[in-house]
Amino acid sequence: MFRIVLLEPEIPQNTGNIARLCASTGIDLILVGRLGFSIDDKHLKRAAMDYWEHVNVTHIKTLDEYFEQNNKFYAVSTKGHKLYTEIPVKISEKIDIVFGSEGAGFPKFVYEKYADKLYRIPMRSDFRSLNLSSSAAIVAYHLLHKLNFPDLF
């Protein structure tokens, strides 16, 4: 299975929507680095509604700490050269799908060091990016489809 990883999320409503996605699908959520809001933020709670207690969420303090603990990941970015539909996923293998922050994306070293792990969602070239929670949902449901929607009905 896979986990969704958010690097320094800034907008509580996006994180709340992604938390609701994770609760509804059984996907673990990892928050990495400095958060642009408090976990008690009313906007986060409102977006996640009463799902927050059903999310398996972990907070890792730094990106370096995340990379020390995890090496099986794929990142979704507008700078990716491969399509998100090419992300390899197996039910028996734990992988992470990492999303950068809403404003900054990923630090420069991620684009350089992990260029082979960058995937993108196709979109018009005259737009900057899709919404973070929309992107997470697109990728998550595609991967769940590839896994034949395990434990979902």
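Guide: A residue is called buried when its relative accessible area is under 20%, exposed when it is over 50%, and partly exposed in between. Please keep in mind that this is a predicted model.

Visitor: What makes helix H1 largely enclosed by the rest of the structure?

Guide: Of the 14 residues of H1, 10 are buried, so the helix is described as largely enclosed. The buried residues are Pro12, Asn14, Thr15, Gly16, Ile18, Ala19, Leu21, Cys22, Ala23 and Thr25. H1 reaches 20 Å from its first C-alpha to its last, close to the 20 Å expected at 1.5 Å a residue. Glycine 26, with a positive phi near 80°, follows this helix.

Visitor: Why is threonine 25 called buried?

Guide: Its relative accessible area is 5%, and the term applies under 20%; threonine 25 is therefore buried. This residue lies in helix H1. Leaving aside residues up to four places away in sequence, threonine 25 touches Met1, Tyr141, Leu144 and Leu152.

Visitor: Why does serine 133 count as buried?

Guide: Serine 133 has a relative accessible area of 14%, and the limit is under 20%, so the term buried applies. Serine 133 is found in helix H5. Its contacts, not counting residues up to four places away in sequence, are Asn14, Asn17 and Ile18.

Visitor: How do you know that the buried residues of H5 are on the same side of the helix?

Guide: The buried residues are Leu132, Ser133, Ser135, Ala136, Val139, Ala140, Leu143 and Leu144. They cover an arc of only 155° around the axis, which puts them on the same side of H5. These buried residues pack against strand S1 (2-7), helix H1 (12-25), strand S4 (73-76) and strand S6 (95-99).

Visitor: What span does H5 have, and what span is expected?

Guide: H5 has 15 residues and reaches 21 Å from first C-alpha to last, which is close to the 21 Å expected at 1.5 Å a residue. After H5 comes asparagine 148, with a positive phi near 65°.

Visitor: Why is phenylalanine 127 called partly exposed?

Guide: Its relative accessibility is 48%. Buried requires under 20% and exposed requires over 50%, so phenylalanine 127 falls in between and is partly exposed. Phenylalanine 127 lies in the loop between strand S7 (118-120) and helix H5 (132-146). Together with Met123, Leu130 and Ile138, phenylalanine 127 forms a nonpolar patch on the surface, with about 320 Å² of accessible area together.

Visitor: What makes the pairing of arginine 3 and aspartate 96 a salt bridge?

Guide: Side chains of opposite charge can pair when their charged atoms come close. The N to O distance between arginine 3 and aspartate 96 is 2.6 Å, and the rule asks for a distance within 4 Å; the pair therefore counts as a salt bridge. Arginine 3 lies in strand S1 and aspartate 96 in strand S6, so the pair ties together parts that are 93 residues apart in sequence. Both residues are buried.

Visitor: How many salt bridges are there by this rule?

Guide: The count comes to four. One of them joins glutamate 112 and lysine 108, whose closest N and O atoms are 3.8 Å apart, and the limit is within 4 Å, so this pair also qualifies. Glutamate 112 and lysine 108 both lie in helix H4 (residues 108-113), four residues apart, about one turn of the helix. Both are exposed. Aspartate 126 and arginine 124 also meet in a salt bridge, at 2.7 Å from N to O, and both of these residues are exposed.

Visitor: Why is aspartate 151 called exposed?

Guide: Its relative accessible area is 80%, and the term applies over 50%, so aspartate 151 is exposed. Aspartate 151 lies in the segment after H5. Although not a glycine, aspartate 151 has a positive phi of about 60°.

Definitions and conventions: Residues are numbered from 1 along each chain as its sequence is written. This is a predicted model: local features need pLDDT of at least 70, side-chain atom pairs count only at pLDDT 80 or more; totals for chains, interfaces and linings use all residues. Side-chain values use heavy atoms; hydrogens and water are left out. Patches are made of residues with over 30% relative accessible area and no salt bridge: like charges are joined within 9 Å, nonpolar side chains (Val, Leu, Ile, Met, Phe, Trp, Tyr) within 5 Å. Accessible areas come from the Shrake-Rupley method with a 1.4 Å probe; for residues, only the protein chains shown count as cover. A salt bridge is a side-chain nitrogen of Lys or Arg within 4 Å of a carboxyl oxygen of Asp or Glu. Helices (H or I, at least four residues) and strands (E, at least two) are DSSP runs, numbered from the N terminus. Buried means under 20% relative accessible area, exposed over 50%, partly exposed in between (1.4 Å probe, protein chains only). The expected span of a helix is 1.5 Å times one less than its number of residues. The arc is that of the directions from the helix axis to the C-beta atoms. Contact means heavy atoms within 4.5 Å.
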